[in-house]
Amino acid sequence: MSEIVLMSDPKIAAIPVADCGEPLVDVRLHEPLAVDSRRADRAGAFAHLREGVLLRLLKAQALLPEDIRLLFVEGYRPPALQRDYFEEYADELRADNPHWSAPRVREAASRYVSPPEIAPHSAGAAVDLTLISADGHELDMGSPLNASPEDSDGACYTDADNIGSAARANRRVLRDALTAAGLVNYPTEWWHWSYGDRYWALSAGADRAVYGAREL
């Protein structure tokens, strides 16, 4: 597995943001994307993305085989919710590893939840998604979506070697379509893809991010 740059790496936070002001749009209004409700919230925030990210998802869908569809699970995440997720997971790691230093806890937590100050989800730039068959059944991806490194024994890593051949092939299908559409993957989470945020800027060689954190 190649070296992974984590969200907590200082080089991510150092990337400047010049927000383009693009609106957040509701993906539920745009077929043929299928939208899952497992992360639904009362305000419907989960179903929003920046317009440019949505357009790239639609392009990725068009590149998939006819019998496979993207299943959208979560997009935008309010900054306060992102902070809660990060702190909850960090607290779990701290409790399980009381000898860890604060920097080590932060680094380990960022494998699974982005630090709130640079979180792609809070910019409307990131999407968690998987693949489904034509009849709506989720394809084998090797681990549950949103499984932590601890719960999945590392199978959540995109290039994990402890998954079956079918899951590996399905991840390749997902990767090829989304990469061709211009999105980048966070390598510790096969389901997490983004465009326009700081992590995208680092991965794509851009000099700045075009989407920053915002309220819905």
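The model is predicted. Leu 129, in strand E5, is buried at a relative accessible area of 1%.

- Between E6 and E7 the pairing is antiparallel and runs over two bridges.
- Val 184 has Ser 194 in E7 as its bridge partner.
- Strands in a sheet pair through backbone hydrogen bonds, in either the parallel or the antiparallel sense.

**Helices on the sheet**

**Leu 129**

- Strand E5 spans residues 126-133 and includes Leu 129.
- With a relative accessible area of 1%, Leu 129 falls under the 20% cut-off and is therefore buried.
- Beyond its neighbours within four places in sequence, Leu 129 is in contact with residues including Leu 57, Leu 70, Leu 71, Phe 72 and Val 73.
- Other contacts of Leu 129 include Leu 145, Leu 174, Leu 178, Trp 190, Trp 191 and Trp 193.
- The C-alpha atoms of Leu 129 and Ala 34 are 9.9 Å apart, although 95 residues separate the two along the chain.

**Aromatic pairs**

- In one of them, the ring centres of Tyr 186 and Tyr 199 are 5.0 Å apart and the planes are at 85°, so the pair is edge-to-face.
- This pair links distant parts of the chain, 13 residues apart: Tyr 186 is in the loop between strand E6 (184-185) and strand E7 (192-194), and Tyr 199 is in helix H7 (residues 198-204).
- Tyr 186 is buried at 2% relative accessibility, and Tyr 199 is buried at 5%.
- Trp 190 and Trp 191 also form an edge-to-face pair, with 5.4 Å centre to centre and 85° between the planes.
- Trp 190 is buried with a relative accessible area of 2%, and Trp 191 counts as buried at 0%.

**Ring cluster and charge**

- Tyr 195, Trp 200 and Tyr 211 are linked into a cluster by ring pairs.
- Over the face of Tyr 195 lies Arg 56, at 3.7 Å from the ring centre.

Note on methods:
Residues are numbered from 1 along each chain as its sequence is written. This is a predicted model: local features need pLDDT of at least 70, side-chain atom pairs count only at pLDDT 80 or more; totals for chains, interfaces and linings use all residues. Side-chain values use heavy atoms; hydrogens and water are left out. Helices (H or I, at least four residues) and strands (E, at least two) are DSSP runs, numbered from the N terminus. Buried means under 20% relative accessible area, exposed over 50%, partly exposed in between (1.4 Å probe, protein chains only). Contact means heavy atoms within 4.5 Å. Rings of Phe, Tyr and Trp (its six-membered ring) pair if their centres lie within 6.5 Å; planes under 30 degrees apart count as stacked, over 60 as edge-to-face and the rest as tilted. A charge sits over a ring if NZ of Lys or CZ of Arg is within 6 Å of the ring centre and within 35 degrees of the ring normal. Two strands pair if DSSP finds at least two bridges between them.
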